[in-house]
Structures are given as structure tokens and as C-alpha cells.
Amino acid sequence: MNTKEPLSMSEKVATGDEIAQEIEKLTKAEWAKLYSFARNRARAMALRGSAFTERDLVQAAIVALLKERRHWNPKKVDFVGVLIGAMRSIASNYRTTTKDGCFAIPESQLAAPAGDEEPNSLAKVYPDSRLNPEQAAIISNTLSEVYELFEDDPESLVIMDGWRDGMSGSEIIDVLEIDRKAYETITRRIRRKVFAHWPKGSHHVR
Amino acid sequence: MSAKKPWTSEQAGHALDRIAESIEAAKPSDIEDDLRSAGEDLDSVTALMKDASLAGIKNFRQQRLHRARQRHEENVSTIARRASRIAGSPKARREQFFAVLKANPSVQSALTLQYRDLNEITDADIETALDELDALGALGDPGNDE
């Protein structure tokens, strides 16, 4: 195998055929989880001017798995976990790349390369001083609208206050002196409201 | 409470990060229920994600094909460049070989050591020697085929 470090017996580099097999095995519930995560990360990227959709992100994650020959231990992480990790990494790298103000168009939305240009990048990143304010405003407004829906639910409001101020889940748990389960229960209420507020049918921000 | 105050992009980003963590930690069946209760069409969601994932594999394979084609074109180009510098027939290669030696006495003395009698050198040896001379850049001008 063409890897820099020797693999343990339980660790492997997935091939296209193996990934295709894993794709066929996924359940509807697992696709729902991948979709929700991809949509969330695509929204986070859109706040910084990205044109990525959830579809683009999952496609880019598969390409990254194959191209980067990532090691994967199926006993420790299931395929959903591997894909989520790859999407998280793409979104995080995008955030780093765009710190100085850029916007990205996914490869799938670009015209096919001509001549010798190799289609090897997941996205083309262009420097840009404007961060697509309209798109960012739509996402921010959705979250502030959801916040207002919790007028009669102070637990949810206080957790959203913590999120808005950049606090981590653990910090909120400590400050509110609640346990992880209680935090997750409240978080789920918020998550469901946010899901209900994202536009349906369209797989773009708008 | 500042309910009416619009959120900034940074604040929205923080909230999305926390929601992403909650999605990652949740059981798939819980997320499925959440999406269903939000009015999402789960068959459509499944089809969308599956199609995108399979497109990712296809995309990667197309990139590999593209790279393989580039390598092939480079090889063809290398062979073509060689063909333009090394003569095509044994007789012409022998003439080219001795012409190169005549123009480069230092090369001749090195090859004399290697082959002893250059007049008895075989066609195969000449072809090998021309390949080596080409690699060394000693065949500047294109060779004549005949």
C-alpha cells in the first residue's frame, strides 16, 4: 500500500469499491444524520461566503477519503463517523482559508477543466472582500427567529445565549450546573426547531 | 433578554457549531425523527445524499483517469522526441553514431574503452549507445532517418 506509515491489521485505506459497498449499506436514518450534518456545515461555510450545498460537501468528503487515502479502522469508527469527520475537516479548512476574506465555489459547480488542467481541487477559493452578506443574513436571521420561538422556554434561551456568546457545551454545562443528558435534551429541542426552520425542498441556503 | 436583536454571522456560526456537535453525538434514529417532524421528505434526502456520495467516487475515478492520460501523453511525447533525434534504420543509426563520435573525441575514447573495437560494434549496441548519448544530451540535432 502506498501509505507513509504501516497500517495495523484493523486499519485500512478504503478503495472506491469498498466505499461504494459502505454507501449501499447505509440506512435511511444514517443518511438523515449525514444530511443534517452536511447541511449544518454547508450553512456554516455559507456564513463565510461559500457556495457549497450539503450535496457538494458529502461529495467532497468522499473524494477526500479516496484522494487522501485516509486510514480508517471500521472497528472504532463506522462509515457515518468517517464521512462526518471528513466533512468537518473540509468545513474547518474552509474557515481557516477564508479568514482573510474569500469565497469558494465547489468543484461540482465549476465548468469541466479544459486541456491539461487537472480537476484535483475540491473547491476553487477566490479572494473576496465581501462575504455574501445576503446569504449570511438569511442564516443568521433563521437562528434569531428560532431564538424568539423559545420565549416560553428559558432553558433553551439560556443555552442559545451561551452558544451565541461562543461558549462550548462543556462550559455551559458547568455554568448552569446541569448534567450532559439534560444539556443534550435541551439541545435537541433547539435542533428540532432549527431543522423545522430551514427551507424544505431546496438544498441551497435559499 | 435580547430576543429582537439580530444575530451576527459570528454568533450564528457559534450556534451552528454547537448544533453540529449535537447532530454528531445523536443516534441516527433521533435525527431521522427530527427531520421527519420538521417535514423533510426522507426518501428525497436519502436519494440526494446517496447520489452525491456515488458522484464523489465517480469524480475521484475521473481524476485518476485524467492523471493516467496525462502520464500517457508525456510518455508518448518522450518517445516522439527520442524518435526525432535517433535515426530510424540500423544503417542510419550507425552513420549517426560514428558522426557523433567524430564530433566528440572524448565520447569516442570512453566508448572505445567500453567496446574495444568500435568497428565490430553490433546494431543493438549502437542503439543502446545512442540512447545513452541522447540521455546525456549529446544528440543535439535531429537524426536523419536514412
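Helices (H or I, at least four residues) and strands (E, at least two) are DSSP runs, numbered from the N terminus. On that basis, chain B has six helices and zero strands, while chain A comes to eight helices and four strands. The structure is a predicted model, in which local features need pLDDT of at least 70, side-chain atom pairs count only at pLDDT 80 or more, and totals for chains, interfaces and linings use all residues. Residues are numbered from 1 along each chain as its sequence is written, and chains are lettered from A and ligands numbered from 1 in the order in which they are written.

**Chain A**

- The elements of chain A follow the order β-α-α-α-β-α-β-β-α-α-α-α from the N terminus.
- Chain A has 206 residues, of which 39% count as buried; a residue is buried if 20 or more other C-beta atoms lie within 10 Å of its own, exposed if 12 or fewer, and partly exposed in between, with C-beta atoms placed from the backbone.
- Among contacts in chain A with a separation of 6 or more, 70% join residues 24 or more positions apart; two residues are in contact if their C-beta atoms, placed from the backbone, lie within 7 Å.
- In helix α6 of chain A (residues 154-164), the buried residues include A:I159, A:M160, A:G162, A:W163 and A:R164.
- After α6(A) comes A:G166, which has a positive phi near 85°.

**Chain B**

- From the N terminus, the elements of chain B run α-α-α-α-α-α.
- Of the 146 residues in chain B, 27% are buried.
- Residues 24 or more positions apart supply 65% of the contacts in chain B with a separation of 6 or more.

**Interface between the chains**

- Contacts link 50 residues of chain B with 57 residues of chain A.
- On the side of chain B that touches chain A, the elements giving two or more residues are α1 (9-25), α2 (28-37) and α3 (42-85) of chain B.
- The most is given by α3(B), with 19 residues.
- This side of chain B divides into 24 nonpolar, 16 polar and 10 charged residues; Ala, Val, Leu, Ile, Met, Phe, Trp, Tyr, Cys and Pro count as nonpolar, Asp, Glu, Lys and Arg as charged, and the others, Gly among them, as polar.

**Helix pair α2(A) and α2(B)**

- The axes of α2(A) (residues 28-46) and α2(B) come within 8 Å and cross at roughly 70°; axes are lines fitted to C-alpha atoms, for helices over the stretch in contact, and angles run from 0 to 180 degrees between N-to-C directions.
- The two helices are therefore roughly perpendicular, a class that covers 65 to 115 degrees.
- In this contact, α2(A) contributes A:K28, A:A29, A:E30, A:A32, A:K33 and A:S36, and α2(B) contributes B:P28, B:S29, B:I31, B:E32 and B:L35.
- By class, this contact has five nonpolar, two polar and four charged residues.

Notes
Angles under 35 degrees count as roughly parallel, over 145 as roughly antiparallel, 65 to 115 as roughly perpendicular and the rest as oblique.
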